[in-house]
Amino acid sequence: MDERQLVEQAVAARKLAYAPYSGFPVGAALLAKDGRLFTGCNVENASYGLTMCAERVALFKAISAGAREFQALAVAGGEAPCAPCGACRQVLAEFAPDLMVLMADGEGKQVERLSLGELLPRAFRRENLPP
Ligand code: THU
């Protein structure tokens with residue numbers, strides 16, 4: 001799957017978003033190293049703080065299906081390329097510190113590309129925990 005296709009998968013996943021409160025639908029598409037693709041959308045809640053971002057939905061689907069290594073993530077939302085929030089960066093760094101992240105607007109027209117290390121330098125990692 002090439003980068004354009006991965007962005008298109010995020011754009012398609014965005015159409016399934018449940019975002020009645022923010023009105024900001026987001027889609028994500030996460031490509032595992034074994035070739036499997038996991039998509040996600042944001043899922044909001046009337047108790048706003050329980051909202052889950054598209055990126056973590058995709059990642060948790062992947063982890064719960066047994067995937068552990070990832071090649072790339074595409075995120076699509078808004079009118080300008082959508083960057084993953086800080087919480088998602090930290091959760092992604094647990095599994096894929098070198099992940100390539102493609103950030104797109106909601107229609108996938110503008111795409112920016114940064115590594116997760118660039119988006120979250122010096123992440124807190126398990127090595128920081130006591131032995
Ligand atoms: N959101 C995501 O799903 N991913 C992001 O990268 C940024 C924010 C969601 C959370 C909330 O449902 C809505 O976008 C507005 O913040």
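Student: Where does the ligand sit, in terms of pockets?
Tutor: This is a predicted model. In it, the space taken by the ligand is the largest pocket.

Student: How much space lies in that largest pocket?
Tutor: About 150 Å³. The pocket is lined by 14 residues, and Phe24, Val26, Asn42, Cys53 and Glu55 are the closest to its centre.

Student: What classes of residue make up the lining?
Tutor: The lining of the largest pocket has 9 nonpolar, 3 polar and 2 charged residues.

Student: Which polar side-chain atom lies 2.5 Å from a ligand oxygen?
Tutor: One from Glu55. Asn42 also places a polar side-chain atom 2.9 Å from an oxygen atom of the ligand.

Student: What about Ala54, backbone or side chain?
Tutor: Backbone. A polar backbone atom of Ala54 is 3.0 Å from an oxygen atom of the ligand.

Student: So how much of the ligand does the protein bury?
Tutor: The protein buries 78% of the 370 Å² that the ligand exposes when taken alone.

Definitions and conventions:
Residues numbered from 1 in each chain as written. Predicted model: local features only at pLDDT ≥ 70, side-chain atom pairs only at ≥ 80, totals over all residues. Heavy atoms only, no water. Polar contact = N/O pair within 3.5 Å; in protein donor to acceptor, adjacent residues only side chain to side chain. Areas by Shrake-Rupley, 256 points an atom, 1.4 Å probe, with all protein chains shown as cover. 1 Å grid on protein atoms, 1.4 Å probe; cavity = no way out; pocket = protein on both sides within 12 Å on 5 of 7 lines; lining within 4 Å. Sits in = over half its atoms within 2 Å of the grid points. Points joined across faces, edges and corners; volume = space filled by probe spheres on them. Nonpolar A, V, L, I, M, F, W, Y, C, P; charged D, E, K, R; others polar.
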